[in-house]
Amino acid sequence: MKKDHSLSDDDIALFRSEMSGSKKISQDTVHFKKAQKAPEQTTNTKVKQLDAEFYFSDEYIPDIDTSGTVNFVKPGADSYLAKQLRRGDFAPELILDLHGMNKETAKLELAGLISACKKRHLRCACIVTGVGERVLKHKVPHYLVQHPDVLAIHQAPLEYGGRGALLILVDIPEDPFFR
């Protein structure tokens, strides 16, 4: 069922009579320039790099076992947090996939993830390291343990990646406005 959208002769005559005396407009005053990169991107990269250099050291080796199930709770935090992560009581609100990255890039991305969690008030994140050659699988927990805003780490449940992923809880300070 096709509709006919052609105009009648009366409509065409009316249009032409109304448009008589008009001129075609030419665009000659506005010249658009290419948008420049926002300086925020380079600033954001510098902040991530500074955070990564400050918090994550390859020299520090914490006393956690990365060959089995990764399990860590920051001293002074509730030890029940690790069990809650293991059971899946916390759903990750951000997911970071580190597949194909080297250690240096992974450090930058981890710093950015924790910063994004704090900025957006997100408590739980998932970091997918994969299993592969196990370089990141062993190094990422060592980096995360060093960050003061990481409350707990645990191997992710199967629905979030199992042995190839970690769930972390980030310390989000309470907003005094909402007390």
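Colleague: Before we look around, what should I know about the model and its numbering?

Modeller: Residues are numbered from 1 along each chain as its sequence is written, and side-chain values use heavy atoms, with hydrogens and water left out. The model is predicted, and local features need pLDDT of at least 70, side-chain atom pairs count only at pLDDT 80 or more, while totals for chains, interfaces and linings use all residues.

Colleague: Thanks! How many helices and strands are there?

Modeller: Helices (H or I, at least four residues) and strands (E, at least two) are DSSP runs, numbered from the N terminus. Here the protein has five helices and five strands. Read from the N terminus, their order is α-α-β-α-β-α-β-α-β-β.

Colleague: What share of the residues is buried?

Modeller: Buried means under 20% relative accessible area, exposed means over 50%, and partly exposed is in between (1.4 Å probe, protein chains only). Of the 179 residues in the protein, 35% are buried. Accessible areas come from the Shrake-Rupley method with a 1.4 Å probe, and for residues only the protein chains shown count as cover. The protein exposes about 12,900 Å², with 53% of that area supplied by carbon and sulfur atoms.

Colleague: And how should I read contacts along the chain?

Modeller: Contact means heavy atoms within 4.5 Å. Among contacts in the protein with a separation of 6 or more, 74% are between residues 24 or more positions apart.

Colleague: Which side chain reaches a backbone nitrogen at the start of H4?

Modeller: A side-chain oxygen of asparagine 102 comes to within 3.3 Å of the backbone nitrogen of glutamate 104.

Colleague: Now the strands. Which residues of E3 are buried on each side?

Modeller: Strand E3 covers residues 124-128, and five of its five residues are buried. Cys124, Cys126 and Val128 lie on one side, with Ala125 and Ile127 on the other.

Colleague: Is the pairing of E2 and E3 parallel or antiparallel?

Modeller: Two strands pair if DSSP finds at least two bridges between them. Strand E2, residues 94-97, pairs with E3 in the parallel sense over four bridges. Isoleucine 95 has cysteine 126 as its bridge partner in E3, and aspartate 97 stands opposite valine 128. E3 is also joined to strand E5, residues 165-170, by five bridges, and these two run antiparallel. There, cysteine 124 stands opposite leucine 169.

Colleague: What do E2, H4 and E3 make together?

Modeller: A crossover is right-handed if, with the strands pointing away from the viewer, the path from the first strand over the helix to the second runs clockwise. E2, H4 and E3 make a right-handed β-α-β unit.

Colleague: Which face of E2 is covered?

Modeller: The face with Leu94 and Leu96 is covered, and the one with Ile95 and Asp97 is uncovered. Leucine 96 counts as buried because its relative accessible area is 11%. Not counting residues up to four places away in sequence, leucine 96 touches Glu109, Leu110, Leu113, Cys126, Ile127 and Val128. The C-alpha atoms of leucine 96 and glutamate 109 are separated by 7.9 Å, though the two are 13 residues apart along the chain.

Colleague: Why does arginine 123 count as partly exposed?

Modeller: Arginine 123 is partly exposed because its relative accessible area is 32%. This residue lies in the loop between H4 and E3. Leaving aside neighbours within four places in sequence, the contacts of arginine 123 include Leu81, Phe90, Ile168 and Val170. Arginine 123 and isoleucine 168 are 45 residues apart in sequence and 8.2 Å apart in space, C-alpha to C-alpha.

Definitions and conventions. A polar contact is a pair of N or O atoms within 3.5 Å; within protein, one must be able to donate a hydrogen and the other to accept it, and residues adjacent in sequence count only if both atoms are side-chain atoms.
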